Amino acid sequence: MSKSSFQNEFKRIVSLIREHERFLILGHVDPDGDCIGSILALTQYLITAGKDVRCYAPGEIPEVYEQLPCFDRFVTEGELSGFDSEVIFSLDVPTPRRTADLAGSRSELVVVNIDHHPTNENFGAINIVDETAGATAVLVYRLLADIDPEGITSGIADCLFVGILLDTGGFRFQNSDAEVFATAAKLIEHGARAYELTHEFIHAKKFNALKLLALALDSLRIHSGGRIATMEISMDMLARSGGFLRDTEGFIDYAGAIDHVELCALFREITPDQVRVSLRSRNDYDVAELAEQYGGGGHRNAAGLVMNIDLEAAKSRIIQDLEKLTERMDSNKEAVQGSE
Ligand SMILES: [Mn+2]
C-alpha cells in the first residue's frame, strides 16, 4: 500500500521554518510516548536550526521521559503565556480540545497539525494527517527524512524511536506495519539506542509501580462469558502502593492479554467523582466510537475517555456499553451469515 507523501505540505513547512523564529509545539492531555517523543524530536531539529522553541502538553508527564534530550523545553501553562509564538506545531492531537484548546484559541498563528488519529479534525493551516501511520513519530520521521535527512541526529532518532516503541507496545500491536519496522531500522542507523530505550521505556518498572500493578491485577474481572475484561486503579490503591497514575501506561495490556478477551477497560479513579477510562479491543470492535460518545476519542482498537461520576458508576455504565457492543457484533455476524 502506498502512503501519502505530503510533498507540498513539507515544502510549506520548510518555508515556515525559514521565515519564523518562535515555535510552540503542543501535545495532547497526559501525553504518551509517541506524543512526547515526536515533540522532543521536532524541538531538537528546530533548536539546531537556531529557533526559539517551547513545548507544552496539559496534564502529567511520566518521569521516565525527563531523560530525553531537550525535555527542559516543556513549560507550564503559566510560563506559556509569556511566550509570543509565531507558529504552532500540534503533534499527535486529534482535536484542539485535547490541547487545552491552545491550537484553536490562538488562531492568529499558523498551526501545523501532524497526527495519525482517524478522528483528527484537520484543524491546521497545514495538515499532515495519515491514519495509516503507526505513530505520529513515523510522520515526523517522514517530514525530517524529506526536508533534511542529514539533520536527523542520534538525539532526534532516540526520541522518534521512543515514540514508535510506545505506540506499538514494543512492536507488538496491529499498527506495527512495514513502515514502522523500516522507520525503526532507519532510526537505528541514525544512532537510536534500540536496546537501551526498549529496556528503559518498555521493560524497566519502578518498585512502587509494580506493587500498584499487583493491586490492579487483583481487580481483574471478566464479563460476557470471558469476552470482556476490566481492571481498576483506585485512589486507595495508589496510596497503598505508593505508585503514581503516570506509571500505569501499559497496565491495560494485561487485561487484553487474557485468552478469548475481545474488549477490555481500565478505570482510573482521578478524584472521587472523576474516572479516566482506557479501552482496548481486538479485531473489528471499534472502541473509538464508544469513547466519542463520552467526549473522548482515539483509535479503533485503543481509545480513552473521562467520566465525571464515581468509580462504581463508571464501571457499570461502561461494562453495559461493552456488553451491548458484543451483542451488536454478534447480530451483525448472524446477519452476514444469514445472507450467505
Ligand atoms: Mn500516537
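Visitor: How many salt bridges are there between domain 1 and domain 2?
Guide: The count is three salt bridges. A salt bridge here is a side-chain nitrogen of Lys or Arg within 4 Å of a carboxyl oxygen of Asp or Glu. This is a predicted model, where local features need pLDDT of at least 70, side-chain atom pairs count only at pLDDT 80 or more, and totals for chains, interfaces and linings use all residues. Residues are numbered from 1 along each chain as its sequence is written, and side-chain values use heavy atoms, with hydrogens and water left out.

Visitor: Which side chain does Asp30 meet in a salt bridge?
Guide: That of Arg276, at 2.7 Å, N to O.

Visitor: Where are the two domains?
Guide: Domain 1 is 7-203 and domain 2 is 209-328. The bounds come from an automatic or database domain assignment.

Visitor: How far apart are their C-alpha centres?
Guide: The centres of domain 1 and domain 2 lie 27 Å apart. The contact (heavy atoms within 4.5 Å) takes 16 residues from domain 1 and 11 residues from domain 2.

Visitor: New topic. Which residues coordinate the manganese ion?
Guide: Asp34 (OD), Asp92 (OD), His116 (NE2) and Asp167 (OD), at 2.2 to 2.4 Å. Donors are N, O and S atoms within 2.8 Å of the metal (3.2 Å for Na, K and Ca); water is not among the atoms, so sites may look incomplete.

Visitor: How are the donor residues spaced in sequence?
Guide: The pattern is D-x57-D-x23-H-x50-D.
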